[in-house]
Amino acid sequence: NKPITLFELGKMRAEGRKIVMLTGYDASFAALLERNGVDVILVGDSLGNVLQGQKTTLPVTMDHMVYHTECVARGCSRPLIVTDMPFGSYAESPAQAMRNAARLMAAGAQMVKLEGGAVMAETVRFLVERGVPVCAHIGLTPQSVHQLGGYRVQGRSDAGAATLKADALALEQAGASLIVMEMVPAGLAAEVTASLSSMATIGIGAGADCHGQVLVLHDLIGVFPGKRPRFAKNFMEAATSLDEAVARYVADVQEGRFPGPEHSY
Ligand code: KIV
Ligand code: NA
């Protein structure tokens, strides 16, 4: 099985094959995700929540992200590895973002992810033009939880929806390859997806009409002790092994069975 490249992701998008993304933080799970067909492993700063027990992702550092990226990169060879840039590691300037992205790429990331809309377009372009593929992230952006006033659905108002659409277009024009949309009404996410010409949309709580889906591993296997958000599904409820749970997630995304209306807004 050939490694997943940007070119392959573009082909999947063009051919209407769903991109299956899942978070992973260590070598053993990276191997498990790989053998069950996950296309993209996200080393998410959700590791602050699910590994470290933090209330938010804000305390996650570059050193944490480098360490977990190295662990994941040793465990797999086919999935594309995307690593989150943590809070405070990219917002100052494009130069700061490039300096920190370079550390993540050296650790084994093949793309970096950063949160924010049109305000981040200049930084996205700076990275892309210097050889760093970028995944954007809009809608509910957990690093801005204190600004947003909680973990809630975004883009419900007409103004919010218009901003979200404009953000996606700005990030596409800046050269982002992927964009995560988190906690966005399904109809709006579908509109954004249809409005783009090259960037692939990855939904989490954004309905079934995105080019792909992502979940947090610990939600999927039902081991996160906190309240499970509406968009998450515990795939262990219908599985007898971790391999089976991940394989079912992959198949359900590929065949359009997940997410259902009960996981959407
Ligand atoms: O950190 C993370 O796991 C994420 C996903 C929820 C998209 O950013
Ligand atoms: Na994240």
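**Figure 1. Surroundings of D45 in the predicted model.** Leaving out residues up to four places away in sequence, D45 touches T57, V60, M65, D84 and P86. The structure shown here and in the following views is a predicted model. D45 itself is located in the loop that joins β2 (40-43) to α3 (47-50). The residue counts as buried, because 28 C-beta neighbours lie inside 10 Å and the threshold for a buried residue is 20 or more.

**Figure 2. The annotated binding site.** In an unreviewed UniProt entry, the annotation "binding site" covers D45, S46, D84 and K113. These residues are spread over 69 residues of sequence, yet they cluster in space, with a largest C-alpha distance of 12.4 Å. Two members of the group, D45 and D84, touch each other. D84 also touches K113, another residue under the annotation.

**Figure 3. Surroundings of D84.** D84 belongs to strand β3, which comprises residues 80-84. With residues up to four places away in sequence not counted, the residues touched by D84 are V43, G44, D45, M65 and K113. One of these, M65, is touched by D45 as well. D84 has 30 C-beta neighbours inside 10 Å and therefore counts as buried.

**Figure 4. The annotated active site residue E182.** The feature "active site" is placed at E182 by UniProt, in an unreviewed entry. E182 is found in strand β6, formed by residues 178-182. Is this residue buried or exposed? E182 counts as buried, because 23 C-beta neighbours lie inside 10 Å. When neighbours within four places in sequence are set aside, its contacts are H137, G139 and L140, together with I204, G205 and A206.

**Figure 5. Crossing of helices α2 and α4.** The view shows helix α2 (residues 27-35) and helix α4 (residues 62-75), whose axes come within 7 Å and cross at roughly 45°. This angle makes α2 oblique to α4. The crossing in which α2 passes α4 is right-handed. On the α2 side the contact is made by A27, S28, A30 and A31, and on the α4 side by C71, V72, R74 and G75. By residue class, the contact of α2 with α4 consists of 5 nonpolar, 2 polar and 1 charged. R74 of α4 takes part in this contact and belongs to the charged class, because Arg is counted as charged.

Technical notes. Residues numbered from 1 in each chain as written. Chains lettered and ligands numbered in written order. Predicted model: local features only at pLDDT ≥ 70, side-chain atom pairs only at ≥ 80, totals over all residues. UniProt positions renumbered as here; feature names shortened; annotations may be inferred. Helix = DSSP H or I, 4+ residues; strand = E, 2+ residues; numbered from the N terminus. Buried ≥ 20, exposed ≤ 12 C-beta atoms within 10 Å, placed from the backbone. Contact = placed C-beta atoms within 7 Å. Axes fitted to C-alpha atoms, helices over the stretch in contact; angles between N-to-C directions. Parallel < 35°, antiparallel > 145°, perpendicular 65-115°, else oblique. Left-handed = near helix turned anticlockwise from the far one by under 90°.
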